[in-house]
Amino acid sequence: MGSKNCTAVLVFMAYFAVAFSTPFFGQSRINTSGTGGIHTIQGRIYLPSGRTPDSLMVVKLDSTNFSTITVNADQNGGFSFQALAPGNYKVVVDAGASFEIASEAVTIDTEVQGPVRMNVNSKTITLPIHLQMKRSVVYKSGIINAKWSNVPRRAVELYEDGLKMLGEGKQAEAVIKFRESLSAYPMFSAPHNELGKISLRAGNLDEAVRSFRAAIRVDPTDFDARLGCGIALLNQKDLGNAEKELTGAAELNKTAVTPRYYLGVLFIEKKNIDAAQRELETARQLTDDKSFPLLHRYLGGIYVAKQMNKEAVMELEIYLRLAPNAKDVDRIRQIVTDLRSKQN
């Protein structure tokens with residue numbers, strides 16, 4: 001890497017102090033009514049393609065101890081529930097007739113107080129909600145899940161039982177069903193994929209990688225498996241293999257924003273801002289400025305580092321528009337003001 005590029009990297013890091021622990025989420029619509037606490041559950045909805053939905057969706061937060069509260073996800077699929085008390089919750093998304101009802105169980109534990117009372121720290125739990133198409137949906141080609149044509153019926157039924165369990169928030173039971181499906185037919189990629197997603201959400205990265213790689217061995221064209229594997233490997237800082245899987249996902253679906261976005265994050269981690277710029281600019285062309293506020297933040301930081309002030313201002317102003325309540329908005333506004341003064 002040349003001295004000019006090294007300087008650009010240092011400037012970028014100084015301006016933005018980017019965290020690389022898989023930034024799933026940007027800004028989202030917020031329900032602040034809460035359940036009498038200080039914690040947050042937030043997330044983003046993803047279509048099977050990996051893109052965020054264009055249509056607005058209603059997200060419900062159910063609980064055995066509190067009344068159901070709802071929020072409309074934003075145009076990028078983002079949502080947030082704040083002021084939550086400890087308890088067992090279930091995030092539910094009904095995306096319509098084409099998709100299975102998505103449900104994720106979340107537990108906010110009560111912090112145990114010792115002899116001396118201490119302030120309780122607020123917790124923020126983030127969830128990616130991946131929608132699954134109903135098996136009865138006819139695709140544009142007129143084929144219904146052609147990849148399952150050789151899968152024994154019993155394995156499919158067990159897999160679908162597992163999806164139903166997930167929809168009801170019964171994750172442990174779902175895991176059992178997915179494993180039973182694989183016992184009935186080990187060459188079925190879908191249960192491997194679901195097990196990988198469950199492990200990824202739980203932060204069990206080694207197990208997630210194993211499940212995703214098992215799905216890929218069965219079906220190398222499985223977009224979800226390659227994307228999930230790439231994200232898990234990125235979290236493990238296995239950047240070489242993460243790049244391979246994310247690139248594979250991007251090649252499988254050239255309209256998907258997510259793999260390009262994470263490739264941009266990956267190259268920032270590798271301090272290769274030229275490659276990061278290329279991937280993030282490609283992702284930007286696919287978003288129509290509707291999703292991934294952090295994409296514009298990172299790209300703006302790259303432009304700052306390269307002294308492309310006009311381009312930096314444009315990207316950072318998009319970020320401010322998409323994420324007006326983000327924690328760093330005052331800092332970003334000041335950066336924009338400084339850049340504008342240099343232009344003048």
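How exposed is Lys271? Lys271 is partly exposed, with a relative accessible area of 41% (buried means under 20%, exposed over 50%, and partly exposed in between, using a 1.4 Å probe and protein chains only). Keep in mind that this is a predicted model, where local features need pLDDT of at least 70, side-chain atom pairs count only at pLDDT 80 or more, and totals for chains, interfaces and linings use all residues. Residues are numbered from 1 along each chain as its sequence is written, and side-chain values use heavy atoms, with hydrogens and water left out.

**Cavities**

- Rolling a probe the size of a water molecule over the atoms shows where empty space is left.
- This structure has 3 cavities of 30 Å³ or more (a cavity is a set of points, on a 1 Å grid over the protein atoms alone, where a 1.4 Å probe fits but cannot get out, and lining residues have an atom within 4 Å of a point).
- A volume here is the space filled by probe spheres set on the points, with grid points joined across faces, edges and corners.

**The largest cavity**

- The largest cavity has a volume of about 180 Å³.
- Its lining counts 15 residues, and Ala102, His130, Gln132, Leu166 and Glu194 are the ones nearest the centre.
- Two or more lining residues come from each of strand E7 (102–108), strand E8 (124–130), helix H2 (153–167) and helix H4 (189–202) (helices, H or I with at least four residues, and strands, E with at least two, are DSSP runs numbered from the N terminus).
- By type, the lining of the largest cavity splits into 6 nonpolar, 4 polar and 5 charged residues (nonpolar covers Ala, Val, Leu, Ile, Met, Phe, Trp, Tyr, Cys and Pro, charged covers Asp, Glu, Lys and Arg, and the others, Gly among them, are polar).

**The second largest cavity**

- The second largest cavity holds about 100 Å³ of space.
- Of the 11 residues lining the second largest cavity, His130, Lys197, Leu200, Phe212 and Gly228 lie nearest its centre.
- E8, H4 and helix H6 (223–235) each give two or more residues to this lining, and H6 gives the most, with 4 residues.
- The lining of the second largest cavity is made up of 6 nonpolar, 2 polar and 3 charged residues.

**Two loop residues with positive phi**

- Lys271 sits in the loop between helix H8 (257–269) and helix H9 (273–287), and its phi is near 60 degrees, a positive value in a residue other than glycine.
- Gln307 also has a phi near 60 degrees, a positive value in a residue other than glycine.
- Look for Gln307 in the loop between helix H10 (293–305) and helix H11 (309–322), where Gln307 is exposed, with a relative accessible area of 68%.

Key: On a 1 Å grid over the protein atoms alone, a cavity is a set of points where a 1.4 Å probe fits but cannot get out, and a pocket is an open set with protein on both sides within 12 Å along at least five of seven lines; lining residues have an atom within 4 Å of a point.
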